Amino acid sequence: MIKLFEKAGSGLSLAIYNTGNNYPGQIIEMDAEYFEKSWKSCCFGGFLFGREAVRRMVPSGKGTLLFTGASASLRGRANFGAFNSAKAGLRTLAQAMAKEYGPQGIHVGHVIIDGAIAGEKIKRHLPELAKKLGEDGMIKIEGIVDGYEYLYNQSPQAWTFELDLRTSIEKW
Amino acid sequence: MKKAVIIGVGAEQGLGAQLAKRFASEGLHVFVASRTQSRLDALTLEIEQAGGKAPPFALTQRTKSR
């Protein structure tokens, strides 16, 4: 990850951490390694990524750092304890970084994606679920991307920390 | 040229890839990372054919955190 930033070099204006592994598992039979893997992907990786981003943005006094969250960022759910806790950790990390580096010109944002994304992943790996949800029941990728672009283009006089995106029919 | 770093572009038509394509189309030099070289190459090609810049970077090496 550090090598990626080194390759990008100077002039970094945007960094997006968009990883996660929404794998289920009951706590009573969960290996520590499984929990740790989820935390590393969803939370610890966000710390490493965010740290490298702000190290490069702070000297220039500007830049946007965005993290992808989920409904799991806000609430625990049975059978998703590993994922939920990791995503919640990422959210509070993002919030801390927003408060820590906002005054130095760095816009840190968190995007909560509440629901299934109408993309290749669900259609390829969970076709039955995709069919059950239908196009109206899945979040349109272009709309999510619009949200990230909106955050990126905001003025420092009116920054949004968090967006939450869902379909009109999502129950929440 | 402004630069962007995006990690998590595993699926060709997934969110990460779409973010990379959008910001490349906005004129940013996009640096993307993925564990799957073939997907990365396909995304890079697509961005470059559309006139953007996106050198691929494979996350295949596990390096110790610093």
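Tutor: Before we start, one definition: two residues are in contact if their C-beta atoms, placed from the backbone, lie within 7 Å. Keep in mind too that this is a predicted model.

Student: Which residues of H1(B) and H2(B) meet?

Tutor: On the H1(B) side they are Ala17(B), Ala20(B), Lys21(B) and Ala24(B), and on the H2(B) side Leu43(B), Glu46(B) and Ile47(B). This contact divides into 5 nonpolar residues, no polar ones and 2 charged ones. Lys and Glu count as charged, while Ala, Leu and Ile count as nonpolar.

Student: What makes H1(B) roughly parallel to H2(B)?

Tutor: Helix H1 (residues 15-25) and helix H2 (residues 37-49) of chain B pack at an angle of about 25°, and their axes are 10 Å apart. Angles under 35 degrees count as roughly parallel, so H1(B) is roughly parallel to H2(B). The crossing of H1(B) and H2(B) is right-handed.

Student: How many residues of chain B are in contact with chain A?

Tutor: There are 24 from chain B, in contact with 26 residues of chain A. On the chain B side, the elements giving two or more residues are strand E1 (3-7), H1 and strand E2 (29-34). H1(B) gives the most, with 6 residues. By kind, the chain B side divides into 13 nonpolar, 6 polar and 5 charged residues.

Student: Now chain A. How do you know that its radius of gyration agrees with a compact globule?

Tutor: Set the two values side by side: a compact globule of 172 residues would have a radius of gyration near 16 Å, and chain A has 17 Å, which agrees. The C-alpha atoms of chain A fill a box of roughly 50 × 35 × 30 Å along the principal axes. Buried residues make up 34% of the chain.

Student: What is the order of the elements in chain A?

Tutor: Chain A has 6 helices and 4 strands, and from the N terminus on they run α-β-α-β-α-β-α-α-α-β.

Student: Why is Phe47(A) called partly exposed?

Tutor: Count its neighbors. A buried residue needs 20 or more other C-beta atoms within 10 Å, and an exposed one has 12 or fewer. Phe47(A) has 16, so Phe47(A) is partly exposed. Phe47(A) sits in helix H2 (residues 32-57) of chain A. Its C-alpha atom is 7.9 Å from that of Leu90(A), 43 residues apart along the chain.

Student: And what makes Asn79(A) partly exposed?

Tutor: Asn79(A) has 13 other C-beta atoms within 10 Å. Exposed would mean 12 or fewer and buried 20 or more, so Asn79(A) is partly exposed. Asn79(A) lies in the loop between strand E2 (63-70) and helix H3 (81-101) of chain A. Its phi is near 75°, a positive value in a residue other than glycine.

Methods: Residues numbered from 1 in each chain as written. Chains lettered and ligands numbered in written order. Predicted model: local features only at pLDDT ≥ 70, side-chain atom pairs only at ≥ 80, totals over all residues. Rg over C-alpha atoms; globule rule 2.2 N^0.38 Å. Axes fitted to C-alpha atoms, helices over the stretch in contact; angles between N-to-C directions. Parallel < 35°, antiparallel > 145°, perpendicular 65-115°, else oblique. Left-handed = near helix turned anticlockwise from the far one by under 90°.
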